[in-house]
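Here is a short report for a reader who is new to this structure. Have the sequence and the 3D view open while you read.

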Amino acid sequence: MTSIELGKELDTLFQNGDNSFVFDFSEIDYISSAGLRVLLTAQKRVNALGTKMKITGVTPLVKEIFDITGFSAIIEME
Amino acid sequence: MYKRNKLQTKLMLYFIVLVIVVAGAAGTVSRIAQYRALNDHVADSMATLAVLAAKQINGDDLAEIKDAGSESTAAYLEIQATLRKVIEAANQKSLDEISGLLNGKDDKEVKRVKKRLKVVYAYTLYSEGNKIFYGVDAYPASDEKNHSTAGSEVAAKTKADQDFLKANDQIFEVLSGKGPLVSDPHEDEYGIWRTGAAAIYDSNGEIAGVVGVDASMEFINEEGRMLTLNLIWNTVFLLVVVIIFAVVLSRKITKPILALNEGVKGIGSGNFDVRLDICTGDEIQDLSDAYNTMSERLKTYIMDLSETTAAKERIESELKVANSIQQSMLPRIFPPFPERKEISIYAMMEPAKEVGGDFYDFFFIDQNKLCICIADVSGKGVPAALFMVITKTLIKNHALLGLPVEDIMTTVNNMLCDENDESMFVTAFIAILDVGTGKMTYSNSGHNLPLICNSGAEFDWLSCKKCFVLGGMENMKYTSSERMLQKGDRLFIYTDGITEAMNNEGQLYSDLRLKAALNVNKNLGEEALIKAVRNGVKEYVNDAPQSDDITMVVLRYNGREEEQLEKPSFI
């Protein structure tokens with residue numbers, strides 16, 4: 001699934017009234033800035049709704065990217 | 001024109017070959033059939049002739065004729081008259097006339113006459129023991145050449161007799177009562193002969209001898225030749241008809257094809273307006289209808305394509321302008337501050353698309369403070385480039401206000417968050433270096449860790465406090481760090497276009513390779529160092545397309561101005 005597809009999927013889910021998400025990242029070994037943007041958008045919408053989202057199974061390389069970009073500070077991870 | 005002839009010629013050739021093969025086959029078959037029929041017919045006729053003659057001959061009389069002396073008897077003459085009638089009836093000529101012709105002086109003429117005659121000889125034969133003797137001959141004794149004397153043995157006197165003897169067995173068969181038959185063909189100097197033989201009975205019902213009737217086979221061959229000649233003429237006539245037919249037919253077949261050909265050629269040269277009107281009611285019409293539909297669609301398609309191409313070209317030319325505007329926004333003249341000996345800088349930015357989201361910048365805030373920054377907007381292309389312009393402007397404006405780096409980050413972040421519906425964000429590294437003291441304060445908002453190289457040592461990662469990206473979320477906290485630079489220290493900042501450059505196997509260039517490349521080339525000058533790193537990345541990705549903007553800046557601190565002078569001027 002590309003970041004564009006994920007963005008569209010999330011749009012649909014938000015429109016359907018879903019507001020809490022868990023992302024399984026165990027098979028993700030790289031995330032680009034476009035992917036980060038989708039996560040950021042989702043986090044902002046979740047914040048606005050007052051609900052929660054979190055990411056599970058983050059691989060070391062993706063964790064490093066989250067750390068460098070400071071995303072670790074705003075997104076809940078397990 | 002050449003091709004036009006080719007198709008027609010081919011069709012004609014096919015027709016002609018077909019006719020020759022068919023006519024040849026039919027001719028051969030009919031020739032064989034006719035030859036056989038003729039042969040059978042001749043055999044039948046000869047057997048009939050021999051039987052009819054044999055019935056007229058009195059076997060008792062024949063038994064009396066055993067020597068030349070008996071040739072003058074009434075019995076001999078009566079039998080001879082019967083045999084004469086056989087020859088005369090078969091050839092519709094009197095025997096005297098035939099005899100005259102056969103005794104002509106010219107051998108060739110005689111041969112020719114023999115070929116034309118149907119029945120040439122008629123005679124009787126009788127046997128004694130295992131020998132065969134001549135009895136009565138149709139030709140009178142006066143015709144010495146053709147007369148066979150009564151009582152003379154059919155022996156190997158002449159070549160003709162020798163050949164005739166081959167038919168002996170068959171004559172014996174008749175003599176022993178096996179009924180009339182016609183011998184197999186036998187050959188002599190005058191041609192090929194068959195002998196019809198029928199038994200002559202005496203009053204006791206015993207076989208007294210046989211009637212022999214010789215016919216030339218030459219006329220059968222003659223018939224065959226006539227037939228062949230006829231066939232050739234027929235074939236020639238057929239060929240002429242077929243050629244005319246082929247020309248007309250092939251023209252009829254090729255005409256629509258040639259029209260199609262012209263139409264297709266037209267399309268090849270860009271003329272889509274040719275429409276074909278072919279009503280042959282066959283596959284060619286289907287083809288022509290398909291052609292018409294195709295050229296109609298092609299015309300529409302090409303028109304659409306031209307419009308799209310024009311639009312694309314317009315956008316491309318606009319992007320080219322945008323690219324040059326973007327490039328001109330970045331400081332590109334090196335050295336940028338020739339009068340400032342404290343620092344050396346070299347930088348480069350290479351967008352993956354026409355315009356990119358990366359940028360670098362450096363400028364003096366005041367006499368001593370140099371601001372240097374690098375940033376990477378999320379995404380690529382025009383949206384990233386537009387966001388990059390805003391970010392660059394905001395950073396520079398706030399830096400020039402003299403704000404500390406963490407405040408620059410905080411303010412720019414909040415301003416970028418305003419009305420940022422697209423959730424674009426920027427990772428940035430901003431450093432302010434006091435060239436007088438070497439003190440560098442810096443802040444990193446989610447950007448790749450810079451590398452620093454102390455004079456004489458290796459490049460290593462510059463530790464930064466982690467802060468969130470710019471434009472991501474409002475009211476985020478940004479912090480700064482400090483580091484004292486010594487003379488000869490170098491700072492290398494870059495964007496992830498370097499470390500995340502991908503080769504054909506989908507593997508990243510990685511931080512480790514970057515660090516290694518920098519250390520291998522650490523003794524090079526600023527410009528050479530950056531070019532060496534760039535070439536290293538190029539070699540690594542090989543022919544895989546550049547996936548992200550690539551930006552690098554290297555700064556060398558040369559120490560305070562006073563330090564650079566061996567003998568300070570004020571002393």
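## Helix α1 of chain A

In α1(A), four residues are buried: A:Leu6, A:Gly7, A:Leu10 and A:Phe14. Seen down the axis of α1(A), these buried residues fall within an arc of 100 degrees, so they line one face of the helix. That buried set packs against two elements of chain A, β1 (21–24) and α2 (33–49). The face of α1(A) turned away from the buried side carries exposed residues, namely A:Ile4, A:Lys8 and A:Gln15. Keep in mind that this is a predicted model.

How far apart are the end C-alpha atoms of helix α1 of chain A? They are 18 Å apart. The helix has 13 residues, 3–15, and at 1.5 Å a residue it should span 18 Å, which agrees. After α1(A) comes A:Gly17, whose phi is positive, near 95 degrees.

## Salt bridges

Side chains of opposite charge can pair when their charged atoms come close. Over all chains, the whole structure has 18 salt bridges. One of them joins the side chains of A:Asp67 and A:Lys63, at 3.2 Å from N to O. Both A:Asp67 and A:Lys63 lie in helix α3 (residues 60–69) of chain A. They are four residues apart, about one turn of the helix. A:Lys63 counts as partly exposed because its relative accessibility is 35%, between the limits of 20% for buried and 50% for exposed.

In one, B:Arg534 pairs with B:Glu350, and the closest N and O atoms are 2.7 Å apart. B:Arg534 lies in helix α14 (residues 526–541) of chain B and B:Glu350 in strand β7 (residues 343–350) of chain B, so the pair ties together parts that are 184 residues apart in sequence. B:Glu350 is partly exposed, at 26%.

Another salt bridge brings together the side chains of B:Lys522 and B:Glu458, at 3.1 Å from N to O. Here both partners sit in loops of chain B: B:Lys522 between α13 (510–520) and α14, B:Glu458 between β12 (451–453) and β13 (459–461). The pair therefore ties together parts that are 64 residues apart in sequence. B:Glu458 counts as partly exposed, at 46% relative accessibility. Elsewhere, salt bridges that share partners join B:Arg490, B:Glu526 and B:Arg556 into one network.

## Aromatic rings

A pair of aromatic rings is described by the distance of the centres and the angle of the planes. The structure holds 18 aromatic pairs over all chains. Take A:Phe14 and A:Phe21: their ring centres are 5.0 Å apart and their planes are at 65 degrees, so the pair is edge-to-face. Both A:Phe14 and A:Phe21 are buried.

In chain B, the rings of B:Tyr123 and B:Tyr134 have centres 5.9 Å apart and planes at 80 degrees, so this pair is edge-to-face. B:Tyr123 lies in strand β1 (residues 119–128) of chain B and B:Tyr134 in strand β2 (residues 131–137) of chain B, so the pair ties together parts eleven residues apart in sequence. B:Tyr123 is buried at 4% relative accessibility. B:Tyr134 is buried at 10%.

## A ring cluster and a charge over a ring

Ring pairs also build a cluster. From chain A it includes A:Phe14, A:Phe21, A:Phe23, A:Phe25, A:Phe66 and A:Phe71. From chain B it includes B:Phe425 and B:Phe468. At another site, the charged end of B:Arg340 sits over the ring of B:Phe364, 4.3 Å from the ring centre.

Conventions: Residues numbered from 1 in each chain as written. Chains lettered and ligands numbered in written order. Predicted model: local features only at pLDDT ≥ 70, side-chain atom pairs only at ≥ 80, totals over all residues. Heavy atoms only, no water. Expected span 1.5 Å × (residues − 1). Buried < 20%, exposed > 50% of the residue type's maximum accessible area, 1.4 Å probe, protein only. Arc of directions from axis to C-beta. Contact = heavy atoms within 4.5 Å. Salt bridge = Lys/Arg side-chain N within 4 Å of Asp/Glu carboxyl O. Phe/Tyr/Trp six-rings, centres within 6.5 Å; stacked < 30°, edge-to-face > 60°. Lys NZ or Arg CZ within 6 Å of the ring centre and 35° of its normal.
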